[in-house]
Amino acid sequence: MTTISYPPKPSPGDRIAVISPGAGLPGLFPRPFELGLERLREEFGLEPVEYPTTRKMGATPQERAADVNAAFADPDNKVIMASIGGDDQITVLPYLDRELIRANPKPFFGMSDNTNLLAFLSNTGIVGYHGATVMVQLGRPVAMDPLTAESLRAALFTSGAYELRPAERWNDVNRDWADPATFDAEPETKPGDGWTWVNPDRVIEGRSWGGCLEILGWLLMADREIARDLSEYDGGVLLLETSEDMPSSAEVFRTLRNMGERGLLRRFSALLMGRPKTWSFERPNSPEEGARYAAEQREAVLRAMRTYAPDTTIVFDVDFGHTDPQLVIPYGGLVRVDGPARRITVTY
């Protein structure tokens with residue numbers, strides 16, 4: 001069984017390493033990136049430090065891995081955050097120095113393609129944080145969503161229990177970062193409907209694991225950063241969410257089915273399913289089409305869970321995925337799912 005622990009927390013005034021282990025998109029879209037850096041300084045009191053590939057598109061896996069290794073190795077860095085996600089971070093994993101990183105644990109914040117690095121850190125014995133990238137959550141036009149900012153601040157600077165709560169309003173429609181007018185007004189939001197609970201008859205507390213479903217599928221295919229002894233996941237809390245690629249309900253079901261055939265799904269006592277993103281530039285769904293997409297995804301998840309883990313407690317539409325606002329979830333850390341009380345508490 002891997003022994004996993006929380007790395008030391010930063011303090012205001014400390015350095016935060018900003019890296020792009022997935023894609024150097026800050027080089028293409030500097031406006032949200034610079035806005036995110038400004039908020040790290042002015043609202044969180046941290047001093048960002050960039051690395052050679054942070055703004056470099058097309059950086060090789062070796063170059064990006066060198067930045068990750070260097071960010072962990074530098075004792076002046078007290079926390080690390082990804083600029084954004086990407087789609088090939090899995091190619092970076094073979095070049096990471098596990099022993100160096102284990103010897104220099106730091107809180108790492110990222111999501112989406114950063115599921116790769118979060119899984120790597122978990123297997124290395126380090127709790128990471130699923131959520132909060134510089135360009136997306138910190139670079140939000142006009143202001144960060146208050147729920148995101150509160151969760152991030154607690155995850156950065158405090159230790160102990162933090163109760164998650166459903167978003168009262170949310171958004172999943174993006175505007176063009178290349179258009180300066182995008183940053184003149186906050187995103188339009190719509191009312192939230194709270195969480196939906198399935199099998200809420202028990203209290204579960206366990207270590208979290210999972211992340212972006214598409215990335216997990218790739219890790220499973222490559223057989224990377226999956227525990228050799230699946231009992232490591234027994235009694236844990238599975239985190240799953242889908243990206244702006246908007247996989248079909250059939251693809252979601254098949255990925256979960258294969259996880260079930262591998263014996264993974266039955267290991268977890270609870271599943272937190274992130275609110276799905278239902279709009280993208282490639283698929284600009286109407287509200288009705290988006291609602292149908294979300295309903296079909298939920299039924300696909302339920303179908304797989306009924307087959308492979310029918311007693312698992314499930315909570316749908318938790319705000320930790322590719323929608324706005326975004327709650328930060330400790331990855332490999334403790335999550336408490338209290339079904340009778342309908343409460344979710346994480347330990348930062």
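D145 sits in the loop that links α5 (134–138) with α6 (146–157); helices (H or I, at least four residues) and strands (E, at least two) are DSSP runs, numbered from the N terminus. This is a predicted model, in which local features need pLDDT of at least 70 and side-chain atom pairs count only at pLDDT 80 or more, while totals for chains, interfaces and linings use all residues. Residues are numbered from 1 along each chain as its sequence is written, and side-chain values use heavy atoms, with hydrogens and water left out.

D145 is buried but has no salt bridge. Buried means under 20% relative accessible area, with a 1.4 Å probe and protein chains only; a salt bridge requires a side-chain nitrogen of Lys or Arg within 4 Å of a carboxyl oxygen of Asp or Glu. The nearest side chain of opposite charge, R140, is 4.1 Å away. A polar atom of the D145 side chain does lie 2.9 Å from the backbone nitrogen of L147. Beyond neighbours within four places in sequence, D145 is in contact (heavy atoms within 4.5 Å) with R140, D324 and P325.

I turn now to the sheet. Six strands form an open, mixed sheet in the order β2-β1-β3-β4-β5-β14, where strands pair if DSSP finds at least two bridges between them. β2 (47–50) and β14 (329–331) are at the edges with a single partner strand each, so one side of each has no neighbour in the sheet.

Within the sheet, β1 (residues 15–19) and β3 (residues 77–82) run parallel, joined by five bridges. A17 stands opposite I80 in β3.

Technical notes
Buried means under 20% relative accessible area, exposed over 50%, partly exposed in between (1.4 Å probe, protein chains only). Lys and Arg count as positive and Asp and Glu as negative; His and the chain ends are not counted. A polar contact is a pair of N or O atoms within 3.5 Å; within protein, one must be able to donate a hydrogen and the other to accept it, and residues adjacent in sequence count only if both atoms are side-chain atoms.
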